[in-house]
Amino acid sequence: MVKINIDGKVYEVEPKNNLLQTVLSLGLDLPYFCWHPAMGSVGSCRQCAVKKYADENDQKGRIVMACMEPVVDGMRISLNDPEVKKFRENIIELLMTNHPHDCPVCDEGGECHLQDMTLMSGHNYRRYEFNKRTHNNQYLGPFINHEMNRCIACYRCVRFYREYAGGRDFNVFASRNRVFFGRYEDGVLENEFSGNLVEVCPTGVFTDKTYKKHYTRKWDLTTAPSICHNCSLGCNIIAGERYGTVRRITSRYNGQVNGYFICDRGRFGYEYVNSDKRIKQPLRRGQASGELEAVDISTAFEFVKKIVNKKGRLLGIGSPKASLESNYALQKLVGKENFFAGVSQTEHRVTRKAINIMQNGPFNVPSLRETEKADVVLVLGEDVTNTAPLLALSLRQAARVRPMELPISMNIPTWHELAAMEIIQDELGPFFVLTPSETKLDDLATATYRNAPDNIARLGFAIAHEIDPSAPGVDDLSEEEAKLAKQIARELLNAKKPLIVSGVSLMNEKILEAAANIGRAINEKQKTADLFFALPEANSFGLAMLEEKALDDALQAVEAGKYDALFVLENDLYRRMEKERVDNLLSAAEKVVVLHYLPNETTQKAHLVVPVGPFTESDGTLINNEGRAQRFFQVFSPEQTIKESWRWLAGFMEDNGLIAEDELNNLDDVINALTAEYPQLQAVKEAAPDSRFRINGQKIPRQSHRFSGRTAINAHVDVSEHKPPQDEDSPLSFTMEGYQGPAPSAALSRFWYPGWNSNQAVNKFQVEVGGGLHGGDPGVRVFKAQLTNKTEYFKDVPAAFKAEKDQWLAVPIYLFYGSDELSRLTPGVEEVIPSPFILLNEKDAEALKSSRVKIHILNRTVELEVKTSPTFPQGMAGIPIGMPEIGFVNLPIMAKITG
Ligand code: SF4
Ligand code: SF4
Ligand code: FES
């Protein structure tokens, strides 16, 4: 710790950050633009000026940029010296000369960092009376609006897009005071993290186009802390609603998980919740019409009563996208032995294997944010940009960890981006990508290896053997493969923080075993490796903790005549198993009850469809890929007929005397029952404060104290103010009433602070700017990593894959847009989903002599357009998953292809 003097007051601080970050961490206000805690300092905007004095006798001082100043013991500075205040005011006046006077029509207005900093700097009168510089705007795709005239040339956008996120189709053009930030030409921004420009840009140049379509000011949004449901990483988000429509998703800072950012699928793939196809009333199949017809709630309960009377003959199928509480409630309704995970046997088996490996060690399972600190990265078989997008962003930062050692050795602090980048230039650390097809991380790779999944696993086994010869070795590797295994092993062993990234998307257990062996081998050398696995869906971990049996087992049980009725929870089974088999499953049951929010092939087969809330209308817990239980809260209270799945199911149980009256009355009751039955999930209780939590006797409001028009909401019905809905499940209220001060991090529904109306207000909620949130970051791990060696090496090295004539190994290809079940139903996302294709090696494609081919899998044939790659292994076919045009295929599988 060192002592610094700010405007006559002495503070004790850690000297590790720059002066701006330190000042902000002390809770003081100092304007800034170009600096961002995740991206470091470049000193370009000159807004963060402070006076620095040589010693106590220095009365004059000199102006320095706080973001470029290291903190040193005895430092004396002033934020309030009149000269430096005037300097900051002048700078902002300059920045504002070309800025339009359009705050009232700007989507950023009211939550704009430029507005805040203008006020903070004291600039309040425009003297500039000449024409302003203007630019043409670009079409940047369905998600981001461009309004270049509002630019203040801080360069944050281009630094984020190109340097932080690795995008190449965006840049800064022209020179002097005519610089332009955009694409080379109009077109959809290609980077998967482009939506962060909306939050990174301190003005209204980049704004959320989906929000614009149903815009409302920030203060008129009802907001709640939530968790993204579009992959397994569990990024923290804030969902905002007005008048029953979800208006936008923004990132919610979590120092352990997603930091400041989220991916575009998470940000923009939400509008399915607003779909006019939403199921809003119970639907019962009419006896006469044979069609699904809307019925009232009591009819739905009667329907279920008739089924539940035959207890013991009920089967429940859960979902990896539904909350832990909803899966548990279904399990309780049907009985543990009659509950099945609603995923294919392959997916379930591989997911459970990944979880077992993570739980048993011996390695550290890092948080997503921790992966940024790895100095050597090995990606084994997972195309993370598409399966676990934000992990790709983290790995991009990890690639710079090793090169940063040089500036550090020269006493250049890591936050000094400008100097550090001058030294490291394009240098990257050891980074290896072993996947069947090209990935967007290849540009970081020291070496890539393109091969079949089993061959990737073999190389993984060989790496483990190189590190520890007692690990099983691999025969007949090629010379290059053996050399690569040695190189990777050497780098991993030399690493201070080696990271092995893998996942289940190739549905190959051997890859996971190879990753585990590498981790264990490193442990044998008295080091600890980090092992990070991506899982298929938002709650795959949670579902796997509840259940061992999968969908294929359910089919067998139904075919054996064990069941009369099926309950399907938030799941379209046609995405999980072959069509004929799902048909068999659903037709073998006398009655099918489906709980869902949107119609799909499964609801079409139901006898009763129960309208449930999607994540924006439900409370619940998800367990992410690293075993972190995180709570999401409903943003608004939906129509009476829509309830959380767990609430419907608790109601069915109560109505049929399966539980005592009010036994599962609210979310806390369900969590208590769940954790009593599954003590290993005890941590779920700690994921967020329960419904009894109060601050000064008050709830935490979902609405800000500036929320307007409350009495107008029902003005078309009557002019009195209706009683607001009550929230029995959480510490949050649906109104502006309640405690508006800082709340526990898991229950923070917005980042807002006096004088800080933009998302930069998060500074005020962090212990140290850029670090953890006060009270700890949200979420609790359900298991502890086992760092000591108690496991055996996996011994079964798979046989090498060899291409065979007329036989193709079909493997899954995961798409950023299109493979995920729900985000693909969002209008903007629909525009950017590629058409279905098959990926082949270009030589294989040439031999087939056709731009469209037929792939024959079991008894099905699908015709697909051919995409080619020079590096995709010969004898393999990549099939995009989750595309209705292709349907479910239990990949990997051997198939035939004809031209
Ligand atoms: S577009 Fe925004 S982020 Fe980019 S330079 Fe201009 S003001 Fe800064
Ligand atoms: S990385 Fe995954 S969890 Fe995070 S925002 Fe994207 S889809 Fe959502
Ligand atoms: S924030 Fe310091 S110069 Fe821009």
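First, some ground rules. The model is predicted, and local features need pLDDT of at least 70, side-chain atom pairs count only at pLDDT 80 or more, and totals for chains, interfaces and linings use all residues. Residues are numbered from 1 along each chain as its sequence is written, chains are lettered from A and ligands numbered from 1 in the order in which they are written, and side-chain values use heavy atoms, with hydrogens and water left out.

Helices (H or I, at least four residues) and strands (E, at least two) are DSSP runs, numbered from the N terminus.

Start with helix 9, residues 324-334, and helix 22, residues 645-655. They pack at an angle of about 20 degrees, and their axes are 8 Å apart. Axes here are lines fitted to C-alpha atoms, for helices over the stretch in contact, and angles run from 0 to 180 degrees between N-to-C directions. That angle makes helix 9 roughly parallel to helix 22. For the cut-offs, angles under 35 degrees count as roughly parallel, over 145 as roughly antiparallel, 65 to 115 as roughly perpendicular, and the rest as oblique.

Which residues of helix 9 and helix 22 make the contact? On helix 9 they are E325, S326, A329, L330, K332 and L333, and on helix 22 they are S645, W646, L649, F652 and M653. Contact means heavy atoms within 4.5 Å. By class, the contact of helix 9 with helix 22 has seven nonpolar, two polar and two charged residues. Ala, Val, Leu, Ile, Met, Phe, Trp, Tyr, Cys and Pro count as nonpolar, Asp, Glu, Lys and Arg as charged, and the others, Gly among them, as polar.

Take S645 from that list. S645 counts as buried, at 1% relative accessibility. Buried means under 20% relative accessible area, exposed over 50%, and partly exposed in between, with a 1.4 Å probe and protein chains only. Not counting residues up to four places away in sequence, S645 touches S326, L569, E570, L595 and V612.

Next is helix 19, residues 551-559. Its buried residues are L551, D552, A554, L555, A557 and V558. An α-helix has 3.6 residues a turn, so residues three or four places apart point the same way. The buried residues of helix 19 pack against several elements, including helix 10 (345-360), strand 22 (565-569) and helix 20 (579-588).

Helix 19 and helix 20 pack at an angle of about 45 degrees, with axes 9 Å apart, and are therefore oblique to each other. The residues in this contact divide into six nonpolar, one polar and three charged. Just after helix 19, G561 takes a positive phi of about 80 degrees.

Now the cysteines. C112 is buried, with a relative accessible area of 7%.

Last, the backbone. A cis peptide bond joins G361 and P362, with omega about 10 degrees, and P362 is in the loop between helix 10 and strand 17 (376-380). Another cis peptide bond joins L891 and P892, with omega about 0 degrees.

M507 is not a glycine, yet has a positive phi of about 55 degrees. M507 is buried, with a relative accessible area of 16%. D7 also has a positive phi, near 50 degrees, but D7 is partly exposed at 35%.
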